[in-house]
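Welcome, and thanks for taking a look at this one with me. Please open the sequence and the model side by side before reading on.

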Amino acid sequence: MFTDLLFEEGFTKVDAELDVIFVPTDDLVVEAMLKMAAVTKDDILYDLGCGDGRIVVAAAMEREAQAVGVDMDPRRIAEANALAETVSVTDRVKFLQEDLLTVDFSAATVLTLYLLPSLNLKLKARILSELKPGTRVIGHAFNMGRWQPDAKRAMGGVYIYKWVVPAPVHGTWEWLSEECKVYRVELLQAFQMLSGQAWIDGQEVDLLEAKMLGDRVHLSIKASDAEEADLFISIYREGQLLPAADSKQVSVGVRISV
Ligand SMILES: C[S@@+](CC[C@H](N)C(=O)[O-])C[C@H]1O[C@@H](n2cnc3c(N)ncnc32)[C@H](O)[C@@H]1O
């Protein structure tokens with residue numbers, strides 16, 4: 001009865017099914033979000049709950065990216081397609097009338113969200129498990145609970161947040177250094193935060209720093225008799241830690257236990 005009354009007042013069945021109402025992001029904030037993600041023509045941007053398509057269209061128009069908008073409301077999809085046509089970017093954008101909670105967004109290299117804290121939390125597990133390490137997630141106004149942002153910026157009374165999807169690097173790893181010593185680290189991971197222990201040829205040593213961004217891991221390890229710490233920079237690829245060009249690591253890092 002209550003919904004009947006609402007429908008009579010212009011509140012439609014689609015409105016009743018939405019998880020959040022349409023509130024567009026201000027154009028200056030759109031620009032700041034694209035800048036924070038450093039969107040380029042090589043990116044595939046997904047905006048979940050795309051509204052009138054302004055973020056998707058701006059990514060295509062200003063950054064030449066491929067971009068996909070998802071919205072459950074057919075009125076928003078119609079507006080978004082009209083906007084894309086007006087500025088002639090229909091070849092680079094696509095709008096899907098689907099539920100953002102179930103749509104496949106695994107192709108994204110940039111994900112934008114202006115939803116609600118509860119929706120961010122519902123999406124968090126899928127973001128971490130389905131998106132490639134290094135994918136940038138830009139949130140307007142709402143955070144991700146315990147997953148701290150890698151960057152944030154105040155914008156017109158709210159924050160915009162950037163998270164970089166971290167590679168799953170928890171576990172015990174071994175590799176060889178330039179001096180043919182066996183380095184072992186046990187990494188504990190909470191999102192992008194790392195801690196742990198290190199050994200050189202079986203002797204426990206100091207793990208001075210362990211940090212990561214996306215698929216890049218930086219480890220600073222110091223033996224008690226060494227004057228300086230060794231810095232290892234690795235790139236996570238398909239379950240291995242590959243040495244970056246300027247790293248002291250000479251062999252591929254292999255995970256010996258999870
Ligand atoms: C706050 S607006 C954000 C619009 C746009 N992203 C922007 O920043 O300008 C949220 C959008 O999410 C859409 N929406 C709400 N629940 C949804 C759902 N379950 N699946 C897809 N879209 C949904 C609404 O129709 C609305 O357009």
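This is a predicted model: local features need pLDDT of at least 70, side-chain atom pairs count only at pLDDT 80 or more; totals for chains, interfaces and linings use all residues.

1. Numbering starts from 1 along each chain as its sequence is written.

2. The chain has six helices and 15 strands, taken as DSSP runs (H or I, at least four residues, for helices; E, at least two, for strands). Along the principal axes, its C-alpha atoms fill a box of roughly 80 × 40 × 30 Å.

3. Of the 258 residues, 36% count as buried, that is, with 20 or more other C-beta atoms within 10 Å of their own, C-beta atoms being placed from the backbone.

4. Domain 1 covers 2–164 and domain 2 covers 171–257; these bounds come from an automatic or database domain assignment. The C-alpha centres of the two domains lie 36 Å apart. Six residues of domain 1 are in contact with six of domain 2 (C-beta atoms, placed from the backbone, within 7 Å).

5. Now for the ligand: there are 24 residues around it, and T25, G49, G51, M72 and Y114 come nearest. Here a residue is near if its C-beta atom, placed from the backbone, lies within 6 Å of the molecule.

How values were computed
A residue is buried if 20 or more other C-beta atoms lie within 10 Å of its own, exposed if 12 or fewer, and partly exposed in between; C-beta atoms are placed from the backbone. Two residues are in contact if their C-beta atoms, placed from the backbone, lie within 7 Å.
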